[in-house]
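Me: I'd like to learn how to read a structure like this one. Could you walk me through a few features?

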Amino acid sequence: MVDAAIILIVLVLLFFALKGSMKHFRGEGSCCSGSSSLLKTGEKSLDGPVVASRLVTINGMHCENCAERVKRSLDSIEGVSSSVDLKNSTAFVRMDRSVDDVTLRKKIEEAGYTVVSIAQE
C-alpha cells in the first residue's frame, strides 16, 4: 500500500514537471528573465532609408523572452532595426548605414546566444 502511494506521488510530480517543460519549449513559459509577463519593445524606426539587410540564424532561443533579448540587443546598435522569429530561430536585421557582420554577431553572443549564419538579404 505504501509503495502504491509513493508511485502515485512520483507520477503526479512527473506530470507537473512535464507540463511545465512543454510550456517552456513552446515559448509560453517563463525562461531567461524569470517572468512570463514580457514587456515587448516596439518596432525601432531608422533615421534614413534601409541600405542593407541581413538574415541571422541563431541557436539557443527557447522562448519569447529569449527572442526579445536578441531583439533588444540588436536594436541597441545605432542604425539597426530588427525583428526576431522564434519559431524559425532567425532575426531579420535592417540597417540605414553600414554595420559589419562582426558587430551583429558580437551583440547576439553578448546576449548569450550563438550565431549560426548571417546572410545578405
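Me: Which strands pair in the antiparallel sense, and over how many bridges?

Reply: Two strands pair if DSSP finds at least two bridges between them. Here strand S2 (residues 80-85) and strand S3 (residues 90-95) are antiparallel partners, joined over 6 bridges. Within that pairing, Val 80 sits opposite Met 95 in S3. The hairpin of S2 and S3 has 4 residues between the strands, and Ser 89 adopts a positive phi near 55 degrees.

Me: Before we go on, what kind of model is this?

Reply: This is a predicted model, where local features need pLDDT of at least 70, side-chain atom pairs count only at pLDDT 80 or more, and totals for chains, interfaces and linings use all residues. Residues are numbered from 1 along each chain as its sequence is written, and side-chain values use heavy atoms, with hydrogens and water left out.

Me: In what order do the elements run?

Reply: Helices (H or I, at least four residues) and strands (E, at least two) are DSSP runs, numbered from the N terminus. The chain has 3 helices and 4 strands, in the order α-β-α-β-β-α-β from the N terminus on.

Me: Is Cys 63 buried or exposed?

Reply: Buried means under 20% relative accessible area, exposed over 50%, and partly exposed in between (1.4 Å probe, protein chains only). Cys 63 is buried because its relative accessible area is 0%. Cys 66 counts as buried too, at 0% relative accessibility. Across the chain, buried residues make up 31% of the 121 residues.

Me: How many disulfides are there?

Reply: A disulfide is a pair of cysteine sulfur atoms within 2.5 Å. Searching the whole structure gives 0 disulfides.
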